[in-house]
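Here is my note on the model, in numbered points. Please read it alongside the coordinates.

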Amino acid sequence: MIIAKDKLYKFKTSVNSATTIALFCHINPDGDTIGTALALFFALKKIDKEVRIFCDDTVPEKLHNLDGSDKFEKCDASGKEFDLAIAIDCSDISRLGTSARCFLKVASTIAVDHHKTHSNFAKLTIVDSEASATAEIIYQILDYCELMDDIIAKLIFGAMVSDNGCFGYSSTTAQSHEIAKALYSFKFNPSDVIYDIWKKKSVGVFNLSTRVLSKCRFFYDNKVAIITFCKEDFDATGTSQTDTEGIISNIIDIDTVEVAFAISEANEFYYKVSIRTKKKVDASDCAAAFGGGGHSCAAGCRINGRYEDVIERLVKTATDRLD
Ligand SMILES: [Mn+2]
């Protein structure tokens, strides 16, 4: 979807009338929220805005190569006031974590997002649920504001491939490719970006994936697959929860699997769950059953309970939707 001119104009005027701007990423940040926020950060710096960029959680190791990855701060709710706050890739105010308090204190707020479950929590909402990444929307905004450059193009490209699986997920559209084409007119190396974001892994992450994948559990004629990241898996491989991203794709790619879950032990009796689905089941619908959200093929939620009960509830959620 092409973002309406009046929205782009409203974004531009809000930014122009602000001196201090705070950008907010979502908790458990991914390449889209981080890369898109950084693209906007550098664009706003070019027009001499005082910009700060907040995220409750630290930037995952694999994104440390991104230009500006050291700019992130934890938001101190008692901190200074801002003229404008912009939430990036956040479907809901709760996705900002404790930073939500800081965001809500600001009089002028904007949300730029692509989740179909987006709840309008900002004064100005720029949402396109057909976009494969929030980066696609930010590209249109920065192109309109004439703020694109090589570094920004590289960040936007990285954020896009991070969310659309290098243009391989069903979320990818003709417009994703059109935006990529426009980005190719800037100077950066797309295959280097793809290596950094998708392919590169540490030995620790490799060991974590072989360990966890070898214990994959299958249910319902191999249509449902579950992998579990326990605290001991992280300890044994020197990794953490931020290293789990992407490992789930190994099981959703199995031909019989329609629904894949990756369960990660956050605390005792508290699990973070990633969900991937093929066409038969809507991942965001599964996530919504546990108060989570996301997209049709990729979503997430958090569940409290005993491990075996969590497994049972997840399998039931999947099989109910497969029948
Ligand atoms: Mn996203």
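1. How many disulfides does a search of the whole structure find? The search finds 0, a disulfide being a pair of cysteine sulfur atoms within 2.5 Å. C90 is in none; its nearest cysteine sulfur, that of C25, is 7.1 Å away. The sulfur of C145 is 19 Å from the closest cysteine sulfur, in C25, which is too far for a bond.

2. This is a predicted model: local features need pLDDT of at least 70, side-chain atom pairs count only at pLDDT 80 or more, and totals for chains, interfaces and linings use all residues. Residues are numbered from 1 along each chain as its sequence is written, and side-chain values use heavy atoms, with hydrogens and water left out.

3. C90 has 0% relative accessibility and counts as buried (buried means under 20% relative accessible area, 1.4 Å probe, protein chains only). C145 is also buried, at 16%.

4. The manganese ion has protein donors D32 (OD), D89 (OD), D89 (OD), H114 (NE2) and D163 (OD), at 2.1 to 2.8 Å. Donors are N, O and S atoms within 2.8 Å of the metal (3.2 Å for Na, K and Ca); water is not among the atoms, so sites may look incomplete. Along the chain the donor spacing is D-x56-D-x24-H-x48-D.

5. D32 lies in helix α2 (residues 31–46) and D89 in the loop between β4 (84–88) and α3 (100–105), so the pair ties together parts 57 residues apart in sequence. Helices (H or I, at least four residues) and strands (E, at least two) are DSSP runs, numbered from the N terminus. Both D32 and D89 are buried.

Conventions:
Buried means under 20% relative accessible area, exposed over 50%, partly exposed in between (1.4 Å probe, protein chains only).
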